[in-house]
Amino acid sequence: MKDDSKSIETRQVHSGTIKDQFGSVVTPIYQTSTFAFENVDDGAYKFKHKGEGYFYTRVSNPTIKDLEDAVTSLEEGYGGISTSSGMSAVNLVFWTFLRPGDHVVCGDSVYGPTLSVLSTFFKEFGIETSFVDATQLAEVQSAIRENTKLIYIETPANPTMAITDIEGVARIAGQQNILLAVDNTFCSPYLQKPLRLGADIVLHSMTKFINGHADVVSGIVIAKERSIFGPLMAKKNLLGLNMDPHQAFLVRRGLKTLSVRVERAQENALKIAQFLEQHPKIDKVSYPGLKSHPQYEIAKRQMKGPGALMSFELKGGLEAGKTLMNNMKIAALAVSLGGIETLIQHPATMTHSGLPRQQRLYSGITDGLVRYSVGIEGANDLIEDLANALEKV
Ligand code: LCS
């Protein structure tokens, strides 16, 4: 079924394009690196019209295409390009649209390696980046230069949970003909649709909510228009950033339950955030579903719900946070997020440890900040787990 008029709940289960000769209900794993041509003319045609038919899995494959079409349908884009990891999706955007001498405006609170790749690797190639507090539209506006080619934001941001007004940034980008890319990993297309809000490119680490089962690393870039899709596809092929058919099969399976998982985890998250906010040992909770969140109103406007991630600080700072994390029994002390199991981690020494301390602090990542990714376990069990660990603090 390919019918974009249906609800997201229906499309996450059915969207895709592949029908095999046996009527398989689930798209099979086409675990093949290459595809035989009927004759030389058929081969020539498929090479000339890339995207029609299959000839080599680095370029395309039915299982991979099925996943790409499904996620593209949920994001309401023109076309999607899946990649081996979320970082290869991030890098694909930079490699495709940036050249030496170009300038990028990037939110200062983004996933650590995204920030690192711009501030080290791409800088060495002559591409300069201004990191700005993207929650302040005036900062985004004033960072724009004549050679700015790309605005890159992540909202909610990892791990501060800062929310950027996508429509507001899209307006700034549109006025100057600058591309806007939004990392939608923390929301998934179920909660937020950046392309509808004016972005040109949306990307995901599908390792997180889209797959949702902590068993695959993968990514995707979705383009709003054909003119953006074409160059991305060409670069993906040349750089060899493709995913594997088996990987695609697992992610497609995970995607089928996206709305159910996100709804359930988010229901837990609100209860947990409310519990933490009133706890005497907690200093501050950052969760877009709490009125105390500085961008609560923007979150309500652009997200269907506040999601399943939060970060918080304990009154006792780093030492208190360490005691809490070391005493969790249900939540695993592990990086990654967006899975059915609850995870807790320490950004300053884990996901964002690659950044200099000054840069971390500038982005709001204090030494005591704890990030908590809520799963679908029982809410009361998760609250009890936190309460018991807080007792030890
Ligand atoms: N974008 C965001 C917002 C992320 O959180 C991550 C990974 C990536 C991109 C990169 O995706 P990957 O290559 O890992 O699939 N975030 C992680 C995190 O917070 N903990 O472990 C990985």
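## Ligand contacts

A polar side-chain atom of Asn158 lies 3.0 Å from an oxygen atom of the ligand, and in this predicted model a polar side-chain atom of Ser205 lies 2.8 Å from a ligand oxygen. The side chain of Thr207 places an N or O atom 2.6 Å from an oxygen atom of the ligand. Taken alone, the ligand exposes 480 Å², of which the protein buries 93% (accessible areas by the Shrake-Rupley method with a 1.4 Å probe).

The ligand is surrounded by 18 residues, the closest being Met87, Asp183, Ser205, Thr207 and Arg371 (a heavy atom within 4 Å). This shell divides into five nonpolar, nine polar and four charged residues, and at least three of its residues come from each of domain 1 (8-255) and domain 2 (258-391).

The C-alpha centres of domain 1 and domain 2 lie 26 Å apart, and their contact (heavy atoms within 4.5 Å) takes 44 residues from domain 1 and 40 residues from domain 2. Between them the two domains bury about 3300 Å², 59% of it on carbon and sulfur atoms. On the domain 1 side, Tyr190, Leu191 and Phe209 lose the most area to domain 2, together 22% of what that side buries.

One salt bridge is found across this interface (a side-chain nitrogen of Lys or Arg within 4 Å of a carboxyl oxygen of Asp or Glu). Asp165 forms a salt bridge with Arg301, with the closest N and O atoms 3.3 Å apart.

## Basis of the values

Residues are numbered from 1 along each chain as its sequence is written, and side-chain values use heavy atoms, leaving out hydrogens and water. In this predicted model, local features need pLDDT of at least 70 and side-chain atom pairs count only at pLDDT 80 or more, whereas totals for chains, interfaces and linings use all residues.

Terms used
A polar contact is a pair of N or O atoms within 3.5 Å; within protein, one must be able to donate a hydrogen and the other to accept it, and residues adjacent in sequence count only if both atoms are side-chain atoms. Ala, Val, Leu, Ile, Met, Phe, Trp, Tyr, Cys and Pro count as nonpolar, Asp, Glu, Lys and Arg as charged, and the others, Gly among them, as polar. Domain bounds come from an automatic or database domain assignment. Buried area is the accessible area (1.4 Å probe) that two parts lose on being put together, summed over both.
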